[in-house]
Amino acid sequence: MLIKAIEKSLNEQISVEANSSQFYLAMASWAETKGFDGVTSFLYKHSDEEREHMLKLIRYVNERGGHAVVPELKKPPKVFDCLSHIFQNLLDHEIMVTKKINEVVDLCLKHKDYTTHNFMQWYVAEQIEEEALARTILDKLKLIGDDKGGLYLFDRDILNIKIPNNN
Ligand code: FEO
């Protein structure tokens with residue numbers, strides 16, 4: 001049985017993952033309107049992965065005798081300035097997600113909930129990869145700058161980048 005404080009914290013994390021999915025969906029939609037086909041596919045997939053992160057938490061909370069609450073979604077931005085703006089937003093967002101996951105882990109240790117602590121290790125590992133991926137992509141975009149040919153190749157090559165999924 002989950003203690004209430006842990007259940008509350010996991011429910012907050014469910015909301016964070018759901019809103020991550022929503023945020024990346026908005027980025028995907030913007031990229032699609034600009035004709036960046038590779039970035040669009042990457043971001044739709046990333047959005048789906050975030051929904052899976054949310055579902056994994058929902059299933060865990062309910063399995064442990066808690067009640068997972070399906071969260072309200074925030075309206076994400078509609079417009080982004082450029083691809084660098086998208087991926088800077090993505091990196092900043094993932095850094096925030098990592099902070100939230102660390103807070104859940106801290107709480108597990110405080111309450112000696114080693115089962116949830118163990119469950120959360122999947123998320124800890126996932127965040128290392130997601131932040132690294134966002135940094136790598138951003139570095140590439142910084143090198144490319146405004147070069148149209150470079151952006152064309154970036155949009156093609158991003159289809160070969162694997163989004164982390166520790167399943
Ligand atoms: Fe589920 Fe990208 O953190």
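Predicted model: local features only at pLDDT ≥ 70, side-chain atom pairs only at ≥ 80, totals over all residues.

User: Are helix 1 and helix 2 roughly parallel or roughly antiparallel?
Analyst: Helices here are DSSP runs of H or I with at least four residues, numbered from the N terminus. The axes of helix 1 and helix 2 come within 8 Å and cross at roughly 165 degrees; axes are lines fitted to C-alpha atoms, for helices over the stretch in contact, and angles run from 0 to 180 degrees between N-to-C directions. Angles under 35 degrees count as roughly parallel, over 145 as roughly antiparallel, 65 to 115 as roughly perpendicular and the rest as oblique. The pair is therefore roughly antiparallel.

User: Which classes of residue make up the contact of helix 1 with helix 2, and how many are nonpolar?
Analyst: Ala, Val, Leu, Ile, Met, Phe, Trp, Tyr, Cys and Pro count as nonpolar, Asp, Glu, Lys and Arg as charged, and the others, Gly among them, as polar. Contact means heavy atoms within 4.5 Å. This contact has five charged residues, eight polar and, for the class asked about, 16 nonpolar.

User: Are helix 1 and helix 3 roughly parallel or roughly antiparallel?
Analyst: Helix 1 and helix 3 have axes 10 Å apart and pack at an angle of about 170 degrees. Their contact holds 17 nonpolar, five polar and three charged residues. By the angle, the two helices are therefore roughly antiparallel.

User: Which residues of helix 2 make the contact with helix 4?
Analyst: The axes of helix 2 and helix 4 lie 12 Å apart at an angle of about 170 degrees, so this pair is roughly antiparallel. The contact divides into nine nonpolar, four polar and four charged residues. On the helix 4 side, the residues include Phe119, Trp122, Tyr123 and Ile137. On the helix 2 side, they are Phe42, His46, Glu50, His53, Lys56, Leu57 and Tyr60.

User: What does Leu83 touch, leaving out residues up to four places away in sequence?
Analyst: Leu83 is among the residues that touch the most other members of the largest core. Beyond that span of sequence, Leu83 touches Trp30, Phe36, Val39, Leu141, Leu151 and Phe154.

User: How many residues are in the second, separate core?
Analyst: Among the members of this second core are Leu2, Ile14, Val16 and Phe119. The number of its residues is 22.

User: Is Gln13 buried or exposed?
Analyst: Gln13 is found in helix 1 (residues 4–33). Leaving aside neighbours within four places in sequence, Gln13 is in contact with Leu57, Val97, Lys100, Ile101 and Val104. Buried means under 20% relative accessible area, exposed over 50% and partly exposed in between (1.4 Å probe, protein chains only). With a relative accessible area of 1%, Gln13 is buried.

User: Is Pro71 buried or exposed?
Analyst: Pro71 lies in the loop between helix 2 and helix 3. Not counting residues up to four places away in sequence, Pro71 touches Ile14, Ser15 and Ala18. Since its relative accessibility is 18%, Pro71 counts as buried.

User: Is Lys112 buried or exposed?
Analyst: Lys112 is in the loop between helix 3 and helix 4. Although not a glycine, Lys112 has a positive phi of about 55 degrees. At 60% relative accessibility, Lys112 counts as exposed.

Definitions and conventions
Residues numbered from 1 in each chain as written. Heavy atoms only, no water. Core = buried A, V, L, I, M, F, W, Y, C linked by side-chain atoms within 4.5 Å.
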